Amino acid sequence: MMLRKKLALKLFITVLIATLFVGCNKSRDYKDSSRATGWKMNAKEGGFQYNPQSKEQETGPGLVFVEGGTFTMGKVQDDPMHDWNNSPNQQHVQSFYLDETEVTNLMYLEYLDWLKKVFPPSDENYKRIYEGAVPDTLVWRNRLGFNEVMTNNYLRHPAYAEYPVVGVSWVQAVEFSNWRTDRVNEMVLETEGITSRNARYEVEPGETFNTETYLNAPTLTYGGNDSITRGGKRSESIKKRSKDSTNLYIQRKDGLLMPAYRLPTEAEWEYAALGLVGLRNYNVYRGKKKYPWEGQYTRSGKRRSRGDQMANFKQGDGDYGGIAGWSDDGADITAQVKSYEPNDFGLYDMAGNVAEWVADVYRPIVDDEFNDFNYYRGNVYTKNAIGEDGKVKVVTMDSIVYDTLSNGKIVARNLPGEILQVPIDENETYLRPNFSESDNRDYRDGDKRSSRYYQSFADNESESSDGSNRMYNSPIQKVNADSTGTLDRQYDKTTTRTTLVNNEVRVYKGGSWRDRDYWLDPAQRRYFPQDMASDYIGFRCAMSRVGSKSKKGKRPRN
């Protein structure tokens, strides 16, 4: 009997200790100490500084959250041309953010106004910066059409303020996205009290704020000035307000600054345009959705709006809007943004109005055999340039690099305040299995010329300006500027060229006001030179999502 009592007592004590041990482990949240070492976090004595209160990523100005997922990318319906450049393939994209509407004239004018104030075009040193960003308004002209009213008014007249900007090349769209990133993060720092109020208005042309410069070399931000003179007094401009001397600057680990605005990839754009989130249909999942809206027709089937067009497109020869008064789509050229119903992601005009630039370099195939996750062709990997003093090189007014595009337009490759970028080298590629060079635009093009050392053509013109082999026999237009700035344009008059495809042509998606409904299918894909513009191509910006896939941060339960 005594033995049983002892055994029972022993068992009880063991269970009690185990319960207490488990309970202790469950109650431990590791908010103030390291799960790896047990050391105290965020200690003034020198502990690892970490922000346990960091919130979910904020939705940037103008953006809409797009939860990622799997979809069938590529054309599967209404393909009378039997075009093999958009064969169906299964892809997965991560969650991201996309502009609710296309970038409007008003948004782009804000960019031009900032450039004009910071880099006055009246100053010869800054003239090319502003001129390189101005849209090409001459795209509206037609040799047998009277369109001067759009040429003179479309960009700047307030009547068109909320219309999508056009006449913008892919290169200009990328520069706008970079500018937008810096202005949004600059406002975040000011709103949080990290930088002094209105510091962005009181900088010199060579001292503009850049996000990557702030994160990598904060002491070089705003031209290296930690303070700004205002009313005869000096005030801190970029230092974080802190009770002690630690954490003078916001870092990436603080989770405060937003990721970059950028152009969406082709896969992202197509996935967002389809708007599959609102449908639970097997055929839709397999890629049989024809338009960004539900149904097989371009007119609404809802009782209140039955018969109304769902998008702005060309309905037939000489029919850009329908019969006035009763069968009109509301626009003959572009339409004001939000004129039509959004798709299930809350995105407007993902079909019609204007086609849109995406980030990808065009190739006739999407190489899903090599990659089916966040597919993108166009990676050119670079790194920060480091000076002899071991610090990053920040671009100044004297070190701006200008590029002369194939059409003769001169644009600034970088702006003062940005970190100079250089191609990656063997230090990053040696024995690395996932990439071996900086420029990957040609990688696995899909034909014999894709092989690594294949000599495409025998003549000297088969080589690009950097001496590398060219994958496609496309025209080479040469534009050079002499010492006086006069452009020497040398058109390629070769009669043996076989394609327009090269590493400088980019994909654009979606139909426009000039297109028939055939092009409204999100899977349709076309290409255009990245340094040229048109009156029917605009763009919208995207932003990557960091952290959880969904807004809730938890996997949904069935």
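Which element gives the largest share of the lining of the largest cavity? That share, five residues, comes from helix H5. Welcome to a quick tour of this chain, which is a predicted model. The chain holds nine helices and 18 strands, and 44% of its 558 residues count as buried.

**Overall picture**

- Take the contacts between residues at least 6 apart in sequence: 68% of them join residues at least 24 apart.
- The accessible surface of the chain comes to about 31,900 Å². Carbon and sulfur atoms account for 50% of that surface.

**Cavities**

- If you search the whole structure for cavities of 30 Å³ or more, you will find six.
- The largest cavity holds about 90 Å³ of space.
- Its lining is made up of 13 residues, and those nearest the centre are Trp-179, Asp-182, Arg-183, Leu-415 and Glu-418.
- H2 and H5 are the elements that give two or more residues to this lining.

**Nonpolar cores**

- As a general background, nonpolar side chains in soluble globular proteins tend to be buried together.
- The largest nonpolar core here has 54 residues, and the members that touch the most others are Tyr-108, Leu-115 and Phe-539.
- Several elements supply at least two residues each to this core: strand E1 (63-66), helix H2 (105-118), helix H3 (127-131), helix H5 (170-191), strand E8 and strand E11 (410-412).
- Another core, of 26 residues, lies apart from the largest one, and Val-64, Phe-71, Val-93 and Ala-267 are among its members.
- Phe-539 deserves a click in your viewer. Leaving aside neighbours within four places in sequence, Phe-539 is in contact with Glu-102, Val-103, Tyr-108, Val-165, Val-168, Ala-173, Phe-176, Leu-263, Glu-356 and Trp-357.

**The antiparallel sheet with E1**

- Four strands form an open sheet with antiparallel pairing, in the order E1-E4-E18-E7.
- E1 and strand E7 (261-262) stand at the edges with a single partner strand each, so one side of each has no neighbour in the sheet.
- E1 pairs with strand E4 (residues 96-99) in the antiparallel sense over four bridges, and Leu-63 has Asp-99 in E4 as its bridge partner.
- E4 is also joined to strand E18 (residues 542-544), by three bridges and again antiparallel. Here the bridge partner of Leu-98 is Ala-542 in E18.
- Which way do the side chains of E1 point? Leu-63 and Phe-65 point one way, Val-64 and Val-66 point the other way, and all are buried.

**The mixed sheet with E8**

- A further open sheet of four strands has mixed pairing and the order E16-E15-E8-E17.
- Its edges are strand E16 (525-529) and strand E17 (537-538), each with a single partner strand, so one side of each is left without a neighbour in the sheet.
- Strand E8 (residues 355-361) pairs with E17 in the parallel sense over two bridges. In this pairing, Glu-356 has Gly-538 of E17 as its bridge partner.

**Helix H7**

- Is helix H7 (residues 266-274) enclosed or open? Nine of its nine residues are buried, so H7 is largely enclosed by the rest of the structure.
- The buried residues of H7 include Glu-266, Glu-268 and Glu-270, along with Trp-269 and Tyr-271.
- After H7 comes Gly-275, with a positive phi near 60°.

- Lys-391 sits in the loop between strand E9 (382-384) and strand E10 (402-404).
- The C-alpha atoms of Lys-391 and Ala-217 are separated by 7.8 Å, although these residues are 174 apart along the chain.
- Beyond its neighbours within four places in sequence, Lys-391 is in contact with Ala-385 and Ile-386.
- Ser-406 lies in the loop between E10 and E11, and at 36% relative accessibility this residue counts as partly exposed.
- Not counting residues up to four places away in sequence, Ser-406 touches Gln-477, Val-479 and Asp-531.
- Between the C-alpha atoms of Ser-406 and Glu-504 the separation is 9.8 Å, with the two residues 98 apart along the chain.

Methods
Residues are numbered from 1 along each chain as its sequence is written. This is a predicted model: local features need pLDDT of at least 70, side-chain atom pairs count only at pLDDT 80 or more; totals for chains, interfaces and linings use all residues. Side-chain values use heavy atoms; hydrogens and water are left out. Two strands pair if DSSP finds at least two bridges between them. A nonpolar core is a set of buried Ala, Val, Leu, Ile, Met, Phe, Trp, Tyr and Cys residues joined through side-chain atoms within 4.5 Å. Buried means under 20% relative accessible area, exposed over 50%, partly exposed in between (1.4 Å probe, protein chains only). Contact means heavy atoms within 4.5 Å. Accessible areas come from the Shrake-Rupley method with a 1.4 Å probe; for residues, only the protein chains shown count as cover. On a 1 Å grid over the protein atoms alone, a cavity is a set of points where a 1.4 Å probe fits but cannot get out, and a pocket is an open set with protein on both sides within 12 Å along at least five of seven lines; lining residues have an atom within 4 Å of a point. Grid points are joined across faces, edges and corners, and a volume is the space filled by probe spheres set on the points.
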